[in-house]
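Visitor: I am new to this structure and would like to look closely at a single part of it. Could you pick one and walk me through it slowly?

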Amino acid sequence: MIRSVSILGSTGSIGRQTLDVIEAFPDRFKAGVLAANRSWQLLAEQAKKFRPKVVALGDESFLPQLQDALNGMDIKILAGRDGVIEAAGRRDQDIVLSALVGVAGLRPTVAALEAGKPIALANKETLVVGGSIVTKLASSQGLPLLPVDSEHSAIFQCLHGQPERSLKRILLTASGGPFRKKPKEELSKMTAREALKHPTWSMGAKITIDSASLMNKGFEVLEAMHLFQCSMEQIEVWVHPQSIVHSMVEFVDGSILAQVGLPDMRTPIQYALGYPERLSHAWETLHVEDCHDLTFEKPRLDAFPCLSYAFEAGRLGGTMPCVVNAANEVAVANFLEGRIYFTAIAEIIRACMDHHQVQTEPTLDILDKVDAQTRDYAASLIEKFRAE
């Protein structure tokens, strides 16, 4: 049976690699829904090649161009935030891969779960911001949240088939990003061009900057807390610059399991789409003889405080992770535009955290309000951290 896949964020790095997987398994998968935010030209090209039932474009201002590009094709076109949510909640799909960038992925993921669809989750912010809501909904629907991040896929695989209460610690690995060895006093001088030169992974711009600041790893800590129902105290982060060990799990008997492989996102995507089956296709092969120099070191929290802010947000809970995410999105966007210096990202996040009063057990509407308020406050701070 061919599984129809909805790809939310089809024009991004994860979305494009998901289409690689679908193309490699034409007898197993097809693209049923493609959704993007602004990249209407690439979305049109993908639609012409993969012939989905539906395409959705978040930015309505480009709708006329998309309609012209797909004129005469039997493809339903949706637009706007509500259009993306409608596309995500279609009941004629078999699995939804959630890879929209940022908090924009939260409500479409909720819509897919409400439609009874399993989620292959590549959008960290869905769990960072709305983790309790999403995990409760998935549990009530009896639906899996299948992690696509390489680290969470590794943990998921290590825990698969293990007895309950056997987990002691999650050892989450991080590449360390391009500034791993940079002296703290030089970090403020780093440019967006330098930050985008990731040493091992090929990713989108926003997630690459998050990797450079270690905010990406902080988000993964929060994601792991929800996915694997553990406490902040059970999660440790270790910098592993080779990016071969994707993460490890320590059990109560002292045993440690690790999942290893080359840094290629198509492998965890393939695993999530085919779960519980392992599909017979290797994108790249890891040669054991090349694994002679695997190192692990503690993260430099003094130089990269975003990671510690994520742990703090996880312990506080409620709306604080939403604040961290919103502040980070605003700060990263301004850094990429050259408006602020690199270390201002962490300073803006800290200021927004200090400004916020936590609300416990928020609803989606409350999270929307806090997200908007935090973005406004973060934007008001940009002039203070203006790059010279």
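Guide: Gladly! One term to begin with: two strands pair if DSSP finds at least two bridges between them. Helices (H or I, at least four residues) and strands (E, at least two) are DSSP runs, numbered from the N terminus. The model is a predicted one, in which local features need pLDDT of at least 70 and side-chain atom pairs count only at pLDDT 80 or more, while totals for chains, interfaces and linings use all residues. Residues are numbered from 1 along each chain as its sequence is written, and side-chain values use heavy atoms, with hydrogens and water left out.

Let us look at an open sheet of four strands, arranged in the order β9-β8-β10-β11 with mixed pairing. Its edges are β9 (235-239) and β11; each has a single partner strand, so one side of each is left without a neighbour in the sheet. From one strand to the next, the twist averages 20°; angles here run from 0 to 180 degrees between N-to-C directions, and axes are lines fitted to C-alpha atoms, for helices over the stretch in contact.

β8 and β9 run parallel and are joined by five bridges; A174 has V239 of β9 as its bridge partner. Strand β8 (residues 167-174) is also joined to β10 by five bridges, and here the two run antiparallel. In this pairing R169 stands opposite E250 of β10. Next, five bridges connect β10 with strand β11 (residues 256-260), again antiparallel, and S247 has Q259 of β11 as its bridge partner. The hairpin of β10 and β11 has four residues between the strands, and in it G254 takes a positive phi near 90°.

Is β10 enclosed or open to the outside? Seven of the seven residues of strand β10 (residues 245-251) are buried, so the strand is largely enclosed by the rest of the structure. Buried means under 20% relative accessible area and exposed over 50%, with partly exposed in between (1.4 Å probe, protein chains only).

A helix belongs in this picture too. Ten of the ten residues of helix α7 (residues 150-159) are buried, so α7 is largely enclosed by the rest of the structure. Among these buried residues are E151, H152, F156 and Q157. They pack against β8, β10 and β11 of our sheet, and also against β7, α10 (215-227) and α11 (266-274); contact means heavy atoms within 4.5 Å.

Just after α7, G161 takes a positive phi of about 80°. R165 lies in the loop between α7 and β8, and its phi is near 65°, a positive value in a residue other than glycine. For comparison, most residues other than glycine have a negative phi, and most peptide bonds are trans. R165 is exposed, with a relative accessible area of 74%. S243, in the loop between β9 and β10, also has a positive phi, of about 55°, although it is not a glycine. S243, however, is buried, with a relative accessible area of 5%.

G177 is buried at 5% relative accessible area. Leaving aside neighbours within four places in sequence, G177 is in contact with H198, P199 and S211. Then there is the loop between α11 and α12 (306-316), which holds P276. A cis peptide bond joins Y275 and P276, with omega about 5°.

Finally, α7 also packs against β7, which leads us to another sheet. That open sheet has seven strands in the order β4-β3-β2-β1-β5-β6-β7, and the pairing is parallel. Its edge strands are β4 (76-79) and β7 (145-147), each pairing on one side only. The twist there averages 25° from one strand to the next.
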